[in-house]
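This report describes selected features of a single protein structure.

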Amino acid sequence: MVKSLFLALAAIGFSMNAFAQWQQHIDYQMDIQMDVKTFQYKGKQVAIYENHSPDTLRTVFYHLYLNAFQPNSQMDKNMQQVPDMPARFMHNVGTEAQPKYESKIAHLKENEQGFIRLQSLTQNGKEASYKVIGTILQVSLPEPILPHGKATLVMDYTAQIPTIGLRMGRNNSDGVALSLSQWYPRICVYDNQGWHPYQYIFGEFYGDWANFDVKITLDKNYLVAGTGTLQNPEQIGFGYQNIKEVKTRQKTRTWHFKAERVIDFSWAADPAYQHDIVKTKSGVELHFFYKNFPENWKKLQEIMPEVLDFYEAKVGKYPWSHYSFIQAGQGAMEYAMCTFIEGGKDPKALVKTACHELAHTWFQHIFAIDEQQYPWFDEGFTCFLQLWADAEVVQKDPVVNFSEFRRKAFLDYIQDRQEEDPSIRADFFEHTRSYFSTAYAKGTMFASHLDYIIGRKAMEATFKRFYKEYAFRHPTPENFVRCAEKESGMQLFWFLKEFMHTNHHIGYCIEKVESKGDKTLVTLSKKGRIPMPLDLIVIPNGQKPFSLYIPTDLTFGEKPNPFINMERIILPVWNWAESTYQFELDLPFTQVRNISIDPQEFMADTNTECHNY
């Protein structure tokens, strides 16, 4: 299924000239021997690296994520420097009266820490020299990898799963034995900006697409869930359900998975997992692995097939055969072909989280956004899709302003005057709140405002064009905006630069409504630096309400009428440099009952108290 979809995408326009840039490719072969008592494993990894770039590579970088979970690591030091680090990562070494916080990583004992330690590394059979710098492995190649050449990199290593991790670890609060994400030596991305050897500081990622052939050997009573398609179900137990009934004299079982063109491979394992399978209308299998709260997980199974169908209809085809929702403890995180989710005590929260993580499949795994450079692009558009699905699929209310929650959060963030530059790299924000408010709230507001500017029909068409032109290509926000321009016929780069590259705000007011003969003169003012087209509704006495639309000169275009059952009057453009704007209503002043700016409250406007007359 995967290969056929990739070929179909190529047939509809993915010529080499259409690509924003070349893409590297990796074939991973892994053999993992897991000791469930010591939480250590031995790994043998073969990585066939294809250099599709025009550059000669003499160095290769790997991520060694597990090294972050050691005292004095950069993650440890960063947690102690950030003033509002979430409490779950911190430990009070002072008193209740005089607290003094250190990161929990600083107190990990040797058998509780995480690590990846290499025993050997070769390139094409020749020993390669290397050095470990925190969570980065820098390899000096004995032979350069020429443009359009390839190399086989083979390593043996040992690793240990930490007791505390970010969305991974062992014996977590949900009681899941093993949650392995960011667990293997992973080659860093090399693109037209060069290598991306980001130290693992907090939790955003960027990966090249790869094929995985993974064998995991561990205690025979454990059920394994994760990325990829199981290759030996007859040895494990058909559909997993009969795993303990499959007789074996061995103390271990080997689970063999394959996955094509994914950016990562993650897995979790526990002897008490329950496993259910449901299918979507398009035939995608949804797998559910959980330990407790079965009634909530059963409810999830009723909703998620429809949600996946919704995402396919709004964005594009899900390109793999199945997807898994895995109870794996501590928060939630999207991974290739699966998501890790904690708990299930709150059924509504479980559904919202599942909708969010599934939506990530498109922006983080099909488009593979660089989350370090553009955390708001991935999280913001994922939130937009999630909220859209929640409104139309879960709540069955397509009229609702589904971005209202993020709008309030963003306005609170603005009012507290803690804004940081939204273009900061994900790990470099000074405050945790600044990062989350920028990535989630402001990112969602960017998508929601773009939807407001161009209209829902053009927004839907933009998502589909973006999928058609940029699936599997590491696109940027500029690529999405260009698709929006093509679908809407408007100019939109000004909005990207103003909203996501500055701390400027939106602010509009109704300053004055006064009589002018047998008409009414309305004066508006612009209090913020970001210009916007405006929707207004006028409610006369004894007559039908009607809408007004004031375009901004920067778009060089107009959106369709969003109020389909209401007459609309299009007024002259409001030039962005002008702070005030006047227009006349063909109504006597005494006949005007109400005038409102942005009556549906789509804009993140800091002056809503003067939106109504």
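Just after helix 8, Gly455 adopts a positive phi of about 95°. The model is predicted, so local features need pLDDT of at least 70 and side-chain atom pairs count only at pLDDT 80 or more, while totals for chains, interfaces and linings use all residues. Residues are numbered from 1 along each chain as its sequence is written, and side-chain values use heavy atoms, with hydrogens and water left out.

Helix 8 covers residues 432–454; helices (H or I, at least four residues) and strands (E, at least two) are DSSP runs, numbered from the N terminus. Its 23 residues should span 33 Å at 1.5 Å a residue, which agrees with the 32 Å between its end C-alpha atoms; the expected span is 1.5 Å times one less than the number of residues. At Thr438, helix 8 bends by about 35°, the bend being the angle between axes fitted to the seven residues ending there and the seven starting there.

The largest pocket holds about 810 Å³ of space. Among its 37 lining residues, Gly331, Ala332, Thr353, Glu357 and Tyr440 are the closest to its centre. Strand 24 (332–335), helix 5 (347–366), helix 6 (375–394), helix 7 (404–415) and helix 8 each give two or more residues to the lining. Helix 5 provides the largest share, seven residues. A pocket is an open set of points on a 1 Å grid over the protein atoms alone, where a 1.4 Å probe fits, with protein on both sides within 12 Å along at least five of seven lines; lining residues have an atom within 4 Å of a point.

One disulfide is found in the whole structure, a disulfide being a pair of cysteine sulfur atoms within 2.5 Å. Cys509 lies in strand 26 (residues 508–516) and Cys610 in the segment after strand 32 (592–597), so the pair ties together parts that are 101 residues apart in sequence. The torsion about their S-S bond is about -45°, so the disulfide is left-handed. Both Cys509 and Cys610 are buried.

| Cysteine pair | S to S distance |
|---|---|
| Cys509 and Cys610 | 1.8 Å |
| Cys355 and Cys383 | 12 Å |

Cys355 is buried, with a relative accessible area of 1%, and Cys188 counts as buried at 0% relative accessibility.

Note on methods: Grid points are joined across faces, edges and corners, and a volume is the space filled by probe spheres set on the points. Buried means under 20% relative accessible area, exposed over 50%, partly exposed in between (1.4 Å probe, protein chains only).
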